[in-house]
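I opened my notebook to keep track of what I looked up.

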Amino acid sequence: MDEEGLAEISARYVRFADAEALGRSPLYEALARAVAADRETLGFLSTLPDMKRQPNLLLAAVRHLFGTPTGWTEFRQMLLAHPDAVRSLMLQRSTQTNEPGRCASLLPVLARLPQPLALLEVGTSAGLCLMPDLYGYDYGRKAIRAPVMALEPPVFRCSASEMTPLPTAAPHVVWRAGLDLSPIDASDPAQVAWLKTLVWPEQTERLANLQAAVKIAATVKPRIVKGDLRGSEFVRLCSEAPKDATLVVFHTAVLDYISDLADREAFAEQAMRLAPYWVSNEFPRTFPSIATRTGTSWPPGRFLLSVNRSPVAWTDPHGASLTWIADELNGPADAEHLR
Ligand SMILES: C[S@@+](CC[C@H](N)C(=O)[O-])C[C@H]1O[C@@H](n2cnc3c(N)ncnc32)[C@H](O)[C@@H]1O
């Protein structure tokens with residue numbers, strides 16, 4: 001690979017350090033910056049296909065095989081002593097981080113839609129975001145308790161801006177289904193181990209919440225179908241939702257995986273044709289036509305939550321915070337469809 005190619009990989013790791021790891025994982029931030037400056041590691045990454053060079057995938061693969069390193073020197077030793085093992089794991093797995101904490105971002109929207117709900121999540125991973133009604137939430141000034149179950153539910157903390165219309169109760173979900181290219185089975189210990197490694201180091205509360213959500217998924221077994229969100233399975237699942245419930249098609253941290261903007265837009269059109277509500281929680285670059293409705297400067301490192309193309313809130317990518325923007329942007333009339 002030429003110098004330009006290596007510089008591109010390096011820039012990707014700097015972007016990850018600046019926009020994603022900064023303030024969330026000091027270890028990942030330091031490792032990403034060190035990778036960006038290390039020719040040998042960049043050379044290793046250049047032997048992988050472009051979509052397999054993601055910082056999250058490299059960092060998780062090394063930790064999965066050798067444990068969490070204390071710092072760059074140890075990380076580099078682990079990687080360069082076993083490049084084939086790391087490469088093979090990176091080729092075999094993908095970043096399917098399933099973050100149930102993102103339900104805290106979705107909840108204010110879901111609770112305002114006409115109940116009961118039929119939830120269809122595309123890019124569902126292990127289906128942990130398909131169970132927003134089974135978790136507890138702590139929004140600081142308001143808490144929502146999980147329904148009483150034999151299992152200890154996770155409680156997601158989310159700091160929500162003052163204007164956020166916090167729900168008084170969890171949504172009433174009567175049907176749920178997920179679609180994924182490569183579904184994860186929450187009752188398979190090896191698959192769950194990989195999901196756990198995808199949680200960043202230092203984030204012990206996130207890990208504990210993930211484990212609690214995985215236990216619920218292993219019991220509830222939300223229906224997950226293998227398939228591409230651009231394919232016929234999506235259309236079929238939409239048609240299977242009960243007609244007396246409000247069908248909500250949603251996704252979080254998924255559409256970025258579709259590299260072509262025209263394909264992403266085609267999915268959006270299809271989702272809005274097949275369901276009364278399409279909820280997207282993605283980086284603003286994923287749907288620039290929606291993000292530009294908020295203005296031209298987008299807060300770094302935040303997802304944009306939107307409903308049927310109307311921007312609703314800026315959200316932390318893992319669901320830790322939420323800034324409501326719907327009413328000021330869309331006005332009360334447009335926001336009406338959310339009530
Ligand atoms: C980063 S994970 C996010 C999982 C979950 N939505 C969440 O927020 O926790 C992205 C998921 O999207 C799935 N995915 C990517 N492209 C897809 C496609 N074209 N069709 C269906 N699923 C896809 C991946 O397999 C992966 O499980």
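**Entry 1: a loop serine**

I started with Ser-125, which sits in the loop between β1 and β2 (136-138). For the labels, helices (H or I, at least four residues) and strands (E, at least two) are DSSP runs, numbered from the N terminus. I also noted that this is a predicted model, where local features need pLDDT of at least 70, side-chain atom pairs count only at pLDDT 80 or more, and totals for chains, interfaces and linings use all residues. Residues are numbered from 1 along each chain as its sequence is written, and side-chain values use heavy atoms, with hydrogens and water left out.

Is Ser-125 buried or exposed? Ser-125 is buried, at a relative accessible area of 5%. Buried means under 20% relative accessible area, exposed over 50%, and partly exposed in between (1.4 Å probe, protein chains only). I then checked the backbone and found a phi near 60° for Ser-125, a positive value in a residue other than glycine.

Lys-221 has a phi near 50°, a positive value in a residue other than glycine. I found Lys-221 in the loop between α9 (204-220) and β7 (223-226). Lys-221 counts as exposed, with 54% relative accessibility.

Next I looked up a cis peptide bond: Gln-115 and Pro-116 are joined by one, with omega about -5°. Pro-116 belongs to the loop between α7 (103-110) and β1 (117-122).

**Entry 2: helix α4**

I turned to α4, residues 55-66, which has 12 residues. From first C-alpha to last, α4 reaches 17 Å, close to the 16 Å expected at 1.5 Å a residue. That expected span is 1.5 Å times one less than the number of residues.

Why do I call α4 largely enclosed by the rest of the structure? Because 9 of its 12 residues are buried. Among them are Pro-55, Asn-56, Leu-57 and Arg-63. The buried residues of α4 pack against several helices, including α1 (3-21), α5 (72-81) and α8 (189-197). Just after α4, Gly-67 takes a positive phi of about 90°.

**Entry 3: Thr-197**

I picked Thr-197 in helix α8. Thr-197 is buried, with a relative accessible area of 10%. Leaving aside neighbours within four places in sequence, Thr-197 is in contact (heavy atoms within 4.5 Å) with Tyr-28, Ala-60, Arg-63 and His-64. A polar atom of the Thr-197 side chain lies 2.8 Å from the backbone oxygen of Ala-193. I also looked across the chain: the C-alpha atoms of Thr-197 and Thr-97 are 9.0 Å apart, although 100 residues separate them in sequence.

**Entry 4: the ligand**

Which residues are closest to the ligand? They are Asn-98, Glu-99, Arg-102, Asp-180 and Thr-252, out of 21 residues that surround the ligand; here I counted a residue if one of its heavy atoms lies within 4 Å. The shell divides into 7 nonpolar, 8 polar and 6 charged residues. Ala, Val, Leu, Ile, Met, Phe, Trp, Tyr, Cys and Pro count as nonpolar, Asp, Glu, Lys and Arg as charged, and the others, Gly among them, as polar.

I noted that an oxygen atom of the ligand is 2.7 Å from a polar backbone atom of Glu-99. A nitrogen atom of the ligand lies 3.1 Å from a polar side-chain atom of Asp-228. Taken alone, the ligand exposes 600 Å², and the protein buries 96% of that; the areas come from the Shrake-Rupley method with a 1.4 Å probe.

Technical notes
Polar contact = N/O pair within 3.5 Å; in protein donor to acceptor, adjacent residues only side chain to side chain.
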